[in-house]
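Reader: Could you walk me through this one, starting with the overall layout and then going into some local detail?

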Amino acid sequence: MGKNKKIKVQGNEITIIENKGKEYISLTDMLKAKDSDFFISDWLRNRNTVEYLGKCV
């Protein structure tokens, strides 16, 4: 199982999960830090997000 650590970004606590030598940033924590006017569907439609995810696969 991976290890979790927390970082502060602009006053918000974000979880970073380490698993098998890779680090993953909690998207859920990032969205909670927003003012609820930004949803995962908006993030997934973003051109930069789509390009990034395409390179990860």
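Author: What follows goes from the chain as a whole to one residue and then to a pocket.

Reader: Fine, so how many helices and strands does the chain have, and in what order do they run?

Author: This is a predicted model, and its protein chain has 3 helices and 3 strands, which run β-β-β-α-α-α from the N terminus on.

Reader: And what share of the residues counts as buried?

Author: Of the 57 residues in the protein chain, 11% count as buried, while the accessible surface comes to about 5200 Å², with 54% of that area belonging to carbon and sulfur atoms.

Reader: Let me switch to Asp29: buried or exposed?

Author: Asp29, which lies in helix 1 (residues 27-33), counts as buried because its relative accessibility is 15%, and the cut-off for buried is under 20%.

Reader: Which side chain does the side chain of Asp29 make a polar contact with?

Author: The partner is the side chain of Thr15, at 2.6 Å; if neighbours within four places in sequence are left aside, Asp29 is in contact with Glu13, Ile14 and Thr15.

Reader: Now the second largest pocket: what volume does it have, and which residues line it?

Author: The second largest pocket has a volume of about 210 Å³, and its lining consists of Glu23, Tyr24, Ile25, Ser26, Leu27, Met30, Trp43, Tyr52, Leu53 and Cys56. Strand 3 (22-25), helix 1 and helix 3 (47-56) are the elements that each give two or more residues to that lining.

Reader: How does the lining split by class?

Author: By class, the lining of the second largest pocket has 8 nonpolar residues, 1 polar and 1 charged.

Terms used
Residues numbered from 1 in each chain as written. Predicted model: local features only at pLDDT ≥ 70, side-chain atom pairs only at ≥ 80, totals over all residues. Heavy atoms only, no water. Helix = DSSP H or I, 4+ residues; strand = E, 2+ residues; numbered from the N terminus. Buried < 20%, exposed > 50% of the residue type's maximum accessible area, 1.4 Å probe, protein only. Polar contact = N/O pair within 3.5 Å; in protein donor to acceptor, adjacent residues only side chain to side chain. Contact = heavy atoms within 4.5 Å. 1 Å grid on protein atoms, 1.4 Å probe; cavity = no way out; pocket = protein on both sides within 12 Å on 5 of 7 lines; lining within 4 Å. Points joined across faces, edges and corners; volume = space filled by probe spheres on them. Nonpolar A, V, L, I, M, F, W, Y, C, P; charged D, E, K, R; others polar. Areas by Shrake-Rupley, 256 points an atom, 1.4 Å probe, with all protein chains shown as cover.
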